[in-house]
Amino acid sequence: MKKNILLSVIIMIVLSINILAETTSTNTLLEGENKIYTLGNIPYSITLNYVDNNEAKFTVNNEPTSKLKVSESYILSDGGIITITDIVNQNYPGVINQATFSLTSTGTIPVKSQEKKDSPLVCKSTNTLLKGELGTYKMGEAETVIVSEISKNDIFILDGNTVMYKGADSTVKPSPLIKLLDKTSGNIITSNVEVQDSKATFSILLNGKTYPFESVSDPHTADYKIKSVTTPTSLKKTYEIVPFIIESNPQIGENQVKLSINGQQSENLIEGASYQLPFGVTLSIQNIISQYYAGGIHSVSFCLNGEKGIKVSTKTISPEIVTTPITTPSDLSNYPNFLIEKGKSNAYFVVGSKSPSTDNLAMTDIAAGLTNSGYTLVDIAKLDSEINDPLHTNLVVIGKSSDNDITNILFNGAGESLKEGEGMIKLLENNGYVQMIVTGHSPEDTRKVAKVLQNYKKYNLQGKELIVTGSLTEPIVTESSKPIEIKPATNTLKEKQQLTTPTPTIEAPKEEKCTGCKIGGNCLPYGTRLVQDSMANFCNIDGILKLQQDIDASCQNNYECASNQCSNGKCIDISAQLKETNSFLEKMLNWFKQVFG
């Protein structure tokens with residue numbers, strides 16, 4: 001009996017050693033960076049997907065974590081633990097967005113100390129697209145399937161012609177119409193509908209041949225189902241996917257993506273979100289990377305029914321695609337026709353690299369107004385740094401001149417010329433191209449203008465300059481009493497800089513005060529770590545670089561310690577403490593073996 005009790009004690013100690021003999025590693029990743037770490041013979045592929053001022057989000061071995069603040073932990077499915085020790089988020093070009101974390105592996109023994117939170121759907125394998133990249137995917141071998149009825153937004157094949165059904169008026173409406181899109185030519189096909197024997201009938205003309213159609217479902221309801229009367233039709237089972245907006249949404253603390261799928265726009269999707277496609281296929285978002293600094297990555301990883309889709313083709317939509325001169329007079333009474341060509345956007349939507357997030361939301365509002373009207377928008381979103389020739393490009397330019405370089409080129413002082421609470425729409429025309437400026441006294445005022453354009457059918461827009469006041473939910477549109485004069489537009493940033501060189505009569509802008517450490521012309525936030533003269537330093541709260549401290553030195557923050565670990569006011573070495581604990585347990589186990597061996 002005594003031996004059984006002692007044996008149980010020994011087993012418990014051995015288990016304790018195995019559980020406590022964790023392998024811990026402290027690492028740092030840049031936003032979007034992926035590295036593989038091996039701890040306790042277990043490989044961990046870790047990607048830092050998202051960083052903001054106080055939270056970070058990872059994917060570990062295809063498992064997305066929740067958003068974590070400094071000192072918070074996430075327990076992985078294999079029992080490993082990832083803990084945030086520091087976050088650096090610098091939202092301006094050429095600086096650092098990173099997170100430092102400790103990774104603890106417990107081998108194969110799952111930790112059950114707390115219930116693991118439900119995580120979003122994890123894809124077994126994924127496809128990845130960059131912003132503006134078009135990928136075509138299929139599920140299974142067949143790319144088309146013969147069908148007897150066609151629903152709104154279906155893309156079907158008719159005698160080799162690829163056509164999309166855009167929708168139909170209810171036959172209760174006077175002079176009802178039906179609308180289709182010839183995807184080969186980009187032309188919208190509109191046909192008058194007649195009612196015969198309770199069925200809606202119409203014909204379309206494609207390449208000199210007439211094809212009759214009739215309704216399948218009740219034509220008294222708008223967007224009823226249709227079918228071809230004489231020619232067999234087949235639906236495409238491929239999915240053309242383009243991520244055209246990838247951005248960080250600080251209001252929800254998540255990155256989000258908006259996709260064009262077979263020409264139709266999805267809603268904003270975050271990691272873990274799903275979107276239903278035809279033929280019972282579910283598209284799930286696994287990872288979103290959005291880095292708005294020089295050379296940053298904008299990409300989305302997704303799966304179809306939990307697996308990567310079979311790639312048919314991919315191609316990059318060049319950011320240098322040239323828009324064509326407008327064919328509709330540039331007057332707001334013609335909005336949005338002067339921005340549209342053959343049912344598709346003929347303009348880029350431009351926000352500044354240093355614009356506030358509100359400007360991105362304004363861009364989304366304007367785009368939503370166009371997609372709700374049935375227009376196709378693909379790869380329209382651009383940063384100001386991506387536009388090389390604004391005077392030969394159709395543009396919707398969003399934001400103040402202080403936030404958007406293209407606004408500054410076209411309309412120097414935009415926003416500053418307005419009163420508090422005012423926003424403005426202003427049309428410019430250069431070389432046959434139109435540039436529509438959407439700006440305001442504040443970013444919130446810019447958003448009010450975007451709301452007017454989102455719901456443009458409710459307003460009597462006309463002229464080339466309008467002032468928007470009121471509130472975000474109830475904007476008020478008035479004519480500008482005195483149109484604002486603008487300086488002649490320049491064609492390049494270099495020319496613009498020459499044009500706006502301060503003169504003696506203009507006070508030069510004051511240098512912004514640095515609230516961190518001023519190093520080499522850059523202002524580094526408090527807590528930033530860097531190596532200078534082969535020594536590890538950190539930016540202290542007094543604005544002075546100081547050396548990181550050794551073990552047992554006094555500290556208040558992790559970044560003050562060379563080990564990146566501060567606990568109970570002292571710099572500590574977790575790895576050394578674990579080794580010491582393991583050594584004690586091993587000595588204890590050896591003592592038991594000597595006594596009861």
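Is Lys199 buried, exposed or partly exposed, and what is its relative accessible area? Lys199 is partly exposed, with a relative accessible area of 36%. This is a predicted model.

- An open sheet is built from 4 strands in the order 16-17-18-19, and the pairing is antiparallel.
- Strand 16 (194-196) and strand 19 (226-228) are the edge strands; each has a single partner strand, so one side of each has no neighbour in the sheet.
- On average, neighbouring strands of this sheet are turned by 35° against each other, direction ignored.
- Strand 16 runs antiparallel to strand 17 (residues 199-206), and 3 bridges join the two.
- Within this pairing, Glu194 stands opposite Thr201 in strand 17.

- Strand 41 (residues 535-539) and strand 42 (residues 545-547) run antiparallel and are joined by 3 bridges.
- Asn537 has Leu547 of strand 42 opposite to it.
- There are 5 residues between the strands of this hairpin, and Gly543 takes a positive phi near 80°.

- The structure holds 12 salt bridges.
- One of them pairs Glu214 with Lys199, with 3.4 Å between the closest N and O atoms.
- This pair links distant parts of the chain, since Glu214 lies in strand 18 (residues 209-215) and Lys199 in strand 17, 15 residues apart.
- Glu214 is buried at a relative accessible area of 16%, whereas Lys199 is partly exposed at 36%.
- A network of salt bridges links Lys199, Glu214 and Lys227.
- In general, side chains of opposite charge can pair when their charged atoms come close.

- Asp365 and Lys451 form a salt bridge through their side chains, at 3.6 Å from N to O.
- This pair also links distant parts of the chain: Asp365 belongs to helix 2 (residues 357-372) and Lys451 to helix 4 (residues 443-454), and they are 86 residues apart.
- Asp365 is buried because its relative accessible area of 7% falls under 20%.
- Another salt bridge joins Lys448 and Asp445, whose closest N and O atoms are 3.2 Å apart.
- Lys448 and Asp445 are 3 residues apart in helix 4, so about one helical turn separates them.
- Both Lys448 and Asp445 are buried.

**Nonpolar cores**

- The largest nonpolar core has 34 residues, and Tyr335, Ile366 and Met436 have the most contacts inside it.
- Helix 2 gives the largest share of this core, with 5 residues.
- Beyond its neighbours within four places in sequence, Tyr335 is in contact with Ile366, Leu370, Met436, Leu453 and Tyr456.
- Another core lies apart from this one and has 20 residues, including Tyr37, Ile42, Ile46 and Leu68.

Methods: Residues are numbered from 1 along each chain as its sequence is written. This is a predicted model: local features need pLDDT of at least 70, side-chain atom pairs count only at pLDDT 80 or more; totals for chains, interfaces and linings use all residues. Side-chain values use heavy atoms; hydrogens and water are left out. Two strands pair if DSSP finds at least two bridges between them. Axes are lines fitted to C-alpha atoms, for helices over the stretch in contact, and angles run from 0 to 180 degrees between N-to-C directions. A salt bridge is a side-chain nitrogen of Lys or Arg within 4 Å of a carboxyl oxygen of Asp or Glu. Buried means under 20% relative accessible area, exposed over 50%, partly exposed in between (1.4 Å probe, protein chains only). A nonpolar core is a set of buried Ala, Val, Leu, Ile, Met, Phe, Trp, Tyr and Cys residues joined through side-chain atoms within 4.5 Å. Contact means heavy atoms within 4.5 Å.
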